Amino acid sequence: MIPDNITREAVLQAIAEIDSEGIPLRRNSRIYHLVLNGRSYPPKYVISLANKYVNGYELSPEAFTGGNQTNDFLRNLGFVIVP
């Protein structure tokens, strides 16, 4: 389950971390992408990192599902998700 205290700001911090650190090979997205400023990001990995900024640890990918759960959460924060 995605913690409901993850904010848009935490997601933006996660995206900034991805911009500087990159995406681990096993964390790339296969189907959906969060698109911001012309760049694509793996939604599930973004949520995992964003959790670190509000709850102090990177959320395990097994802790929540990708697809609708992740995409709807990010859309509700105002992000664009595309296949």
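Is arginine 27 buried or exposed? Arginine 27 is buried, with a relative accessible area of 15%. Buried means under 20% relative accessible area, exposed means over 50%, and partly exposed lies in between (1.4 Å probe, protein chains only). This is a predicted model, where local features need pLDDT of at least 70, side-chain atom pairs count only at pLDDT 80 or more, and totals for chains, interfaces and linings use all residues. Residues are numbered from 1 along each chain as its sequence is written, and side-chain values use heavy atoms, with hydrogens and water left out.

**Overall build**

- The protein chain has three helices and three strands. Helices (H or I, at least four residues) and strands (E, at least two) are DSSP runs, numbered from the N terminus.
- Along the sequence, the pattern reads α-β-β-α-α-β.
- The radius of gyration of the protein chain is 11 Å, close to the 12 Å that the globule rule gives for 83 residues, so the chain is as compact as a globular protein of that length. This radius is taken over C-alpha atoms, and the globule rule is 2.2 Å times the number of residues to the power 0.38.
- Taken along the principal axes, the C-alpha atoms fill a box of roughly 30 × 25 × 25 Å.
- Of the 83 residues in the protein chain, 36% are buried.
- Contact means heavy atoms within 4.5 Å. Among contacts with a separation of 6 or more, 62% join residues 24 or more positions apart.

**Helix 1 against helix 2**

- The axes of helix 1 and helix 2 come within 8 Å and cross at roughly 115°. That makes helix 1 roughly perpendicular to helix 2.
- Axes are lines fitted to C-alpha atoms, for helices over the stretch in contact, and angles run from 0 to 180 degrees between N-to-C directions. Angles under 35 degrees count as roughly parallel, over 145 as roughly antiparallel, 65 to 115 as roughly perpendicular and the rest as oblique.
- This crossing of helix 1 and helix 2 is right-handed. A crossing is left-handed if the near helix is turned anticlockwise from the far one by less than a right angle, and right-handed if clockwise.
- Helix 1 brings residues including Ala10, Ala14 and Ile18 to the contact, and helix 2 brings residues including Val46, Leu49 and Tyr53.
- By class, the contact of helix 1 with helix 2 has 11 nonpolar, one polar and two charged residues. Ala, Val, Leu, Ile, Met, Phe, Trp, Tyr, Cys and Pro count as nonpolar, Asp, Glu, Lys and Arg as charged, and the others, Gly among them, as polar.

**Helix 2 against helix 3**

- Helix 2 (residues 43-55) packs on helix 3 (residues 68-76) at an angle of about 65°, with their axes 9 Å apart. Helix 2 is thus roughly perpendicular to helix 3.
- Helix 2 passes helix 3 in a left-handed crossing.
- Pro43, Lys44 and Ile47 of helix 2 meet Thr70, Asn71, Phe73 and Leu74 of helix 3. By class, this contact has four nonpolar, two polar and one charged residues.

**Residues to find**

- Arginine 27 sits in the loop between helix 1 (8-21) and strand 1 (33-36). Not counting residues up to four places away in sequence, arginine 27 touches Pro42, Lys44, Tyr45, Ser48, Glu58 and Pro61.
- Glutamate 17 lies in helix 1. Glutamate 17 is buried, with a relative accessible area of 16%. Leaving aside neighbours within four places in sequence, glutamate 17 contacts Gly22, Leu49, Lys52 and Tyr53.
- Asparagine 37 is in the loop between strand 1 and strand 2 (39-41). Asparagine 37 is exposed, with a relative accessible area of 74%. Asparagine 37 has a positive phi of about 50°, although it is not a glycine.
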